[in-house]
Amino acid sequence: MNGHDNKKPPLNVVNVIIFIGLPVAALALVPLWGIYDGYDSFQWLWALAFLYLNGMSITGGYHRLWSHNAYEAHPLLKWFFALWGAGALQNSILVWASDHRRHHRHVDDEVLDPYSARRGLWFSHMGWMLRNYSGEPDFSNAKDLQRDPVVLFQHQHYVALTLLMNLGLPLLLGIWHGDIIGTVLLVGLLRLVVNHHVTFFINSLAHFWGSRPYTEANSARDNGFLALLTYGEGYHNYHHIFQKDYRNGIRWWQWDPTKWMIALCQRVGLARNLNRVPDFKIQRAILDTAFMRARYKLEQAHAQCKGTETLREMLEREYQLFTESINQWTILQAERYERTKVQLSDALEEQKQQLQQKWEHAALHTRLKTLEYSLKMQRKRLGLLMEQVHFHQAQMA
Ligand SMILES: [Zn+2]
Ligand SMILES: [Zn+2]
C-alpha cells in the first residue's frame, strides 16, 4: 500500500511556520545581531542551559518516562518535565508519546509508523510533520497517559505553557541582562531550532547510520557520535529491542546523560522502580544477531568456495551450546520466581530457614553469573570462528 505516493495530504501551516520559518529566521537574524551587537557568555550559557533542560525533559520525561514507562517519577519531577518539555515545542506529552508508541509498534512500516525511516531521511527527520499525514489524533494507545493529571494539564494548556517557556522566560532573562533582542534570539530562537534538530536526528539519522549489534529486525542503529548530540539517545538499536530499559547506553562509559539524570533522581527520591534488562538477555540478543550474521557469511563463503563443512559444523555446535545456555537460564529464572513466592508466604519462618534461603539465593546467583560469563566467552569464540571464515575465503580467492 503506497497511499502517500498518489496524493499528498495538505500542508500543516502551523508546523511549516515552526519547522521551516523559525530555522530560516534563526539563520538570518542570529548572525546579523551577532555582527551588529554581539553576544556575551551570559547569553551563551543560558542558551546552553535551556538546551539541556528542554532536551533532557524530552528524553527523560516524554520519551523514557511517559512513552515507555521505563521508571516511575515523583509528581515534582513530572511537573518539571512537563514544563521544560513544553519549552521544546514538540507538541504535548500525550501527542508525542502516542506517536512514539506507534513508531515502536510498527517500526519501518510505511503507513503505520508515523516517521518511518523507509520513507527516507527527510521524511523521518521532519517531512512527516509538515503535512497532515496521520489525520485525526488517535490516543487509543495512550489510555494510561490520559489518566495522568500532569499529562492532561499540559495537553490542555499547551499553547500557553510553550509560549511562557519559549518567549516569556527568554524575555525575562533579556530584561535581567539588558540586551532583550540578543537574549531572545539566542536563548529563545537558536536554542529552540538546535534542540529540534538534535531530537529529530533520533528518528532520522539513528535509523540510517551506525551498527546493529542487538537486532537486525528493524532499521534502528547504535551510534556513539549521535549519542553525544542527543543526550544519550544515540544507542537506538538497543533501545528498539529493549524499550522499557531506562538506559539507552548500557555500558558505564557510553554517553547517556539521561540515564545518569534518572539514576540521580532515584538517589534523591524523585524516581523509583528503574527498569534494567538483565545482562543475560542482552548477551542473548547480541549472540542471536551474531549467529544470524555468521550463518549468512558461511553460506556466502560456501557458495564461493567449497570446503567450509568443518566451519559449519563448529558453528552449529556453538549454536547448540547457546540454546542449552538459554534453556538453563529459563529454568533458573523459574526457580528464582518460585523462591520469591516461598519467601513471601513464609515471611515469619525460623531464622534457620532464612539462612537456608540466603544460601540458595547466593547459589542461584552464582549459577546465573556463570551462565552470563559463558555467553560472553561464546561471543569471543564466535569472533574467532568468523576470523577463520575470512581466512578461508582469502585463501580460496
Ligand atoms: Zn526509532
Ligand atoms: Zn522509544
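The largest nonpolar core has 44 residues, of which Trp-66, Tyr-71, Ile-93, Ala-97, Leu-145 and Val-187 touch the most other members. A nonpolar core here is a set of buried Ala, Val, Leu, Ile, Met, Phe, Trp, Tyr and Cys residues joined through C-beta atoms within 7 Å. A residue is buried if 20 or more other C-beta atoms lie within 10 Å of its own, exposed if 12 or fewer, and partly exposed in between, with C-beta atoms placed from the backbone. Please keep in mind that this is a predicted model, in which local features need pLDDT of at least 70 and side-chain atom pairs count only at pLDDT 80 or more, while totals for chains, interfaces and linings use all residues. Residues are numbered from 1 along each chain as its sequence is written, and chains are lettered from A and ligands numbered from 1 in the order in which they are written.

Which residues does Leu-145 contact, leaving aside its neighbours within four places in sequence? They are Trp-66, Ile-93, Leu-94, Ala-97 and Val-151, where contact requires C-beta atoms, placed from the backbone, to lie within 7 Å.

For the whole protein chain, the secondary structure comes to 16 helices and 2 strands. These are DSSP runs numbered from the N terminus, with helices (H or I) of at least four residues and strands (E) of at least two. The C-alpha trace spans about 70 × 70 × 45 Å along its principal axes, and buried residues make up 35% of the 397 residues. Among contacts between residues at least 6 apart in sequence, 70% join residues at least 24 apart.

Now for two helix pairs. Two packed helices are described by the angle between their axes and the distance between the axes. The axes are lines fitted to C-alpha atoms over the stretch in contact, and angles run from 0 to 180 degrees between N-to-C directions.

| Pair | Axis distance | Angle |
|---|---|---|
| H3 and H5 | within 10 Å | roughly 60° |
| H3 and H10 | 9 Å | about 35° |

H3 and H5 are therefore oblique to each other; angles under 35 degrees count as roughly parallel, over 145 as roughly antiparallel, 65 to 115 as roughly perpendicular and the rest as oblique. The crossing of H3 and H5 is right-handed, a label for a near helix turned clockwise from the far one by less than a right angle. On the H3 side the contact is made by Tyr-62, His-63, Trp-66 and Ser-67, and on the H5 side by Ile-93, Trp-96, Ala-97, His-100 and Arg-101.

The crossing of H3 and H10 is right-handed too. Among the residues that meet there are Trp-44, Ala-47 and Phe-50 in H3 and Leu-186, Val-187 and Leu-190 in H10.

Finally, consider two single residues. Thr-310 is found in helix H15, residues 309-345, and counts as exposed because it has 10 C-beta neighbours inside 10 Å. Leu-375, in helix H16 (residues 351-396), is buried, with 20 other C-beta atoms within 10 Å. Although Leu-375 and Arg-284 are 91 residues apart in sequence, their C-alpha atoms are 7.4 Å apart. Not counting residues up to four places away in sequence, Leu-375 touches Phe-280, Gln-283, Arg-284, Leu-287 and Ser-325.

Conventions
Contact = placed C-beta atoms within 7 Å.
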